[in-house]
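Visitor: Could you walk me through reading ring pairs and burial in a model like this?

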Amino acid sequence: MQSGLYIVGTPIGNLSDMSPRAVDTLRGVDLIAAEDTRVFGKLAAHFGIQTPRVSCHDHNERDVVDDLVDKMIHGAAIATVSDAGMPGISDPGFRLVRAARAAGVPVWVVPGPTAAISALVLTGFPTDRFTFCGFFDPKKVRADNRIRHTIIYYESPNRIMETIATLATVMPERRVAIVREITKIHEEVIIGYPAELINITPPRGEIVIVIDAAPDVRLSDMEISEIVNDVVGGSTKSAAAEIAARAGISKKEAYKRLIQGGDND
């Protein structure tokens with residue numbers, strides 16, 4: 001194979017998503033820089049890939065990049081893979097690609113599945129503009145809320161319910177999709193407002209959160225009435241706050257609507 005760096009996407013759950021080109025590339029290069037050689041070893045065994053491999057992960061990437069680039073300058077073909085999906089997307093690989101580019105080393109991509117994009121298209125949320133923010137950070141979420149188009153996060157199942165509670169406070173008017181176990185047997189998409197998701201059974205597995213674009217048009221009286229009917233049942237204060245957020249009206253007006261809705265009932 002031609003010397004240089006090959007960025008190779010690997011399956012995010014279903015081994016059938018491994019492309020023939022990815023297999024051929026990993027068999028043909030001189031060396032594979034893997035995020036975790038043990039994890040990659042399982043994939044390699046399944047597809048009969050016997051190429052030598054070295055570790056290239058978050059903790060050693062800065063240390064091994066120069067050596068890998070030097071090998072490519074002197075004629076080696078090297079592939080980089082993460083544990084799943086595309087290298088460089090919340091995974092190691094970015095520094096190696098940047099260093100290869102800086103050294104004038106040829107770089108190619110062998111496309112594969114990406115959890116963020118797969119989750120986005122599964123939701124039905126707007127795809128014309130979106131921002132991927134990596135792993136959810138509660139310290140940055142208020143700033144993230146200034147992004148009015150679709151937002152994508154990765155999240156741990158151990159923190160998902162805490163994250164939904166945070167979204168209920170910061171982004172109560174925006175629908176949230178919890179997309180889990182993409183391409184696997186238990187693939188599932190759960191969509192609702194944060195207030196609707198806050199008491200669900202905590203989902204397990206690999207999770208992507210997709211936030212719908214923020215509403216930019218004030219709702220009609222009929223639509224507001226539907227929200228009032230949907231929300232009635234909790235405490236007046238919290239119900240008014242949720243109505244205000246979801247309908248784009250003041251809390252004072254939301255409280256008035258809530259009282260009127262109660263009277264009408």
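Guide: Start with burial: buried means under 20% relative accessible area, exposed over 50%, and partly exposed in between (1.4 Å probe, protein chains only). This is a predicted model, where local features need pLDDT of at least 70, side-chain atom pairs count only at pLDDT 80 or more, and totals for chains, interfaces and linings use all residues. Residues are numbered from 1 along each chain as its sequence is written, and side-chain values use heavy atoms, leaving out hydrogens and water.

Visitor: Is tyrosine 6 buried or exposed?

Guide: Tyrosine 6 counts as buried, at 7% relative accessibility.

Visitor: How many aromatic pairs are there?

Guide: Rings of Phe, Tyr and Trp (its six-membered ring) pair if their centres lie within 6.5 Å; planes under 30 degrees apart are stacked, over 60 edge-to-face, the rest tilted. That rule gives 4 aromatic pairs. Tyrosine 6 and tryptophan 108 make a stacked one, 4.7 Å centre to centre with 20 degrees between the planes. Tyrosine 6 sits in strand 1 (residues 4-8) and tryptophan 108 in strand 5 (residues 107-110), 102 residues apart; strands here are DSSP runs (E, at least two residues), numbered from the N terminus. Tryptophan 108 is partly exposed, at 26%.

Visitor: What about phenylalanine 135 and tyrosine 154?

Guide: Those two pair edge-to-face: 5.7 Å centre to centre, 70 degrees between the planes. Phenylalanine 135 is in strand 6 and tyrosine 154 in strand 7, so the pair ties together parts 19 residues apart in sequence. Phenylalanine 135 is partly exposed at 47%, while tyrosine 154 is buried at 10%. Ring pairs also link Phe132, Phe135 and Tyr154 into a cluster.

Methods. Helix = DSSP H or I, 4+ residues; strand = E, 2+ residues; numbered from the N terminus.
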